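These are my notebook entries on one structure. I record each thing that I looked up and what I found.

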Amino acid sequence: MSGFRSFLQAQRRRLPVAGVLACAFLLKPVQDRLEARLDRASADPDILYFASPSIVKALALGYDGLVADVYWMRAIQYYGRREEAARRLIRYKNLPALLDIVTTLDPRMADVYRAGSVFLGEPEPLGAGEPLEAIRLLDKGIARLPGDWRLGFDKGFAYYLYLKDRGRAGQAWLDASRVPGAPPWMEGLAARALSEGGEVEMARSLWQRQLEEATRQDIRENARNHLHSIQADEDIWTLEFFVEKYAALYGARPRRLDDLVSAGLIRFVPADPSGVPYDYDPDSGWFSLNPKTGVRYIKMTYDYREEFRERLRRLYDAVKTQTTKTSKR
Amino acid sequence: MRVAAIARNTFRENIRDKILYNLILFALLMIASSFVLGQLTLGYDDKVIIDLGLSAISVFGSLIAIFIGIGLVYKELERRTVYALLAKPVHRWEFILGKYLGLVFTLLVNVVIMTAGLALTLAYRGGIPLHGYLRLLPAIYLIFLSLALITAVALVFSAFSTPALSALFTFFLWIIGHFNLDLLRFSRTTESAPAAFIFKALYYLLPNISNFSMVDSRNVIQSAAYYEPLNAAAIGWATIYAVLYCAVLLTLAAAIFSGRDFK
């Protein structure tokens, strides 16, 4: 007993330090325990305490720029956390209000209108599926920054892709083409949209333009993903078409895609845009992207499969007729 | 000369009070912002750093102005050091002016060091032209003017009230000072003539802090964040306003202090 006492006596300075350190180390596991007990589904009530831009502006006390930055970061986090969004009743209920607050506090943040319109306009689950809100945001941007042709370009883009309204898309691009400094191709784009047809080619040229001209990495990446997805769709439809032709000629589907080449139907088996071969199921005749693919597939909002197959059929028939004529001679 | 001696002493006292510790917090804020913002924001990295830097200069400066300003006179009274000082051939207005200038100089040193920190953070990120740095200076100058005005407000309260009440009064006036334009709007929209008069009187009477945050209907910090120039004449008018308002407040503080009985 006296030994223990003398030990305590000797360590009287070290013991409190050790105690504090032990408590500090214990804090983490205890906090983890508490966190594990949280009901994650109810952890995000998705409440925006101040939804009115004018109230937030008044409360900003002149630090409008800083508060706009904070709300912009909040909007990005709100949009970017996909898992959290999936648990909400409405995925991006507060996104329009958040973007409205940012652009009211700092109306000159052009990228907020641009990226925000993509966040709002893209169909669920990629975006909020609110194309009209996207256009409203862009209209606000065009009113505040009338010299920025890119906002008009994006407005046309939103009409074209999200609302499939080629007429209004063309009009938006035409308006944007009249802004000083707008690139010369804008007028052509407007003309093409205003004329009938050419829907996919138009989309492809738009994404290509964004890929080449966007300065922001995320916008270029989005354009590349769309281009790759269009390419993958068309590759798969082409392969399906020739598999059917093979089956019509030989009475069964090919076991391997190389059989299509051996049969002279195609010259080579295409790989997806990332260079990974497509998966093929000979029993069902279905194609899909290989799990190892580098393509981040985005389902297109327009369906032109039948139109594409019809074009292929005509092309196939024309080549076949030509080949028959040549062999007869 | 006596004013300078009191000012120098006030500055030394502030340094002894570890007032410059806030600079460490500011430095940490700037370093963290330059690393973390890239992860949180989409574009506007340098804008966010400028917004954060200038707002921090303004907020930290205002807090220092309020919380040191309120104790400037009260502390001397409480410690009874004022008796020793006033026993010497020093006028009471010299004491007030010296105290004021000492704190304003402390704030100036703070602002200069924080500006250097902001410039270094921006230089670390790179890609900002020289004129971009220069366009920050008018905004920083206007922030400094607002700090000088708040210090004068705090000093007036310090001359007759306790620190707790002075802090409360000054803080509220600082908040109200951002809403002065609303008072003007009320005076224009109300149909009652006496109410319009009261609103108008309050508009002129209360310190108009928004004179230093809004110039020509443009937010000063935002303009700096977009490297936009500010109108020199407008800055000149804001300077005249600050000088006049501070002169009135300092006279008021000196008058209150002179009227106090220290027996």
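**Entry 1. The contact between the chains**

With which residue does Asp106(A) form a salt bridge? I found that the partner is Lys47(B), and that the closest N and O atoms are 3.0 Å apart. I note at the outset that this is a predicted model, and that my values are therefore computed from it.

I then looked up how many salt bridges cross the interface of chain B and chain A, and the rule finds 3. The contact takes 24 residues from chain A and 24 residues from chain B. About 2,000 Å² is buried between the two chains, and carbon and sulfur atoms give 57% of this area. On the side of chain B, Leu42(B), Tyr44(B) and Gln222(B) supply 32% of the area that the chain buries against chain A, more than any other three residues.

**Entry 2. Chain A as a whole**

Chain A has 329 residues, of which 43% count as buried. The chain exposes about 18,900 Å², with carbon and sulfur atoms supplying 56%. I also looked at contacts in chain A between residues at least 6 apart in sequence, and 57% of them join residues at least 24 apart.

**Entry 3. Helix 7 of chain A**

How many of the 11 residues of helix 7 of chain A are buried? The number is 10, so the helix is largely enclosed by the rest of the structure. Among the buried residues I listed Leu95(A), Pro96(A), Asp100(A), Thr103(A) and Leu105(A). I then asked what covers them. The cover includes helix 4 (53–59), helix 5, helix 8 (110–121) and helix 9 (131–144) of chain A, together with helix 13 of chain B.

**Entry 4. Aromatic rings**

In chain B I noted a ring with a charge over it. The charged end of Arg92(B) sits over the ring of Phe257(B), 5.7 Å from the ring centre.

Is Lys155(A) buried or exposed? Lys155(A) is buried, because its relative accessible area is 18% and the cut-off for buried is under 20%. This lysine lies in helix 10 (residues 149–161). Leaving aside residues up to four places away in sequence, Lys155(A) touches Ile135(A), Leu138(A), Asp139(A), Ile142(A) and Ala172(A).

Met186(A), in helix 12 (residues 185–194), has 0% relative accessibility and counts as buried. With residues up to four places away again left out, the contacts of Met186(A) are Trp149(A), Phe153(A), Trp173(A), Ala176(A) and Ser177(A). Met186(A) and Trp149(A) are 37 residues apart along the chain, and their C-alpha atoms are separated by 9.5 Å.

Leu249(A) is placed in helix 14 (residues 217–250). At 52% relative accessibility this leucine counts as exposed. From Leu249(A) to Ala263(A) I noted 14 residues in sequence and 9.5 Å in space, C-alpha to C-alpha.

Most residues other than glycine have a negative phi.

Tyr227(B) is buried, with a relative accessible area of 17%.

Technical notes
Residues numbered from 1 in each chain as written. Chains lettered and ligands numbered in written order. Predicted model: local features only at pLDDT ≥ 70, side-chain atom pairs only at ≥ 80, totals over all residues. Heavy atoms only, no water. Lys NZ or Arg CZ within 6 Å of the ring centre and 35° of its normal. Helix = DSSP H or I, 4+ residues; strand = E, 2+ residues; numbered from the N terminus. Buried < 20%, exposed > 50% of the residue type's maximum accessible area, 1.4 Å probe, protein only. Contact = heavy atoms within 4.5 Å. Areas by Shrake-Rupley, 256 points an atom, 1.4 Å probe, with all protein chains shown as cover. Buried area = accessible area lost by both parts, 1.4 Å probe. Salt bridge = Lys/Arg side-chain N within 4 Å of Asp/Glu carboxyl O.
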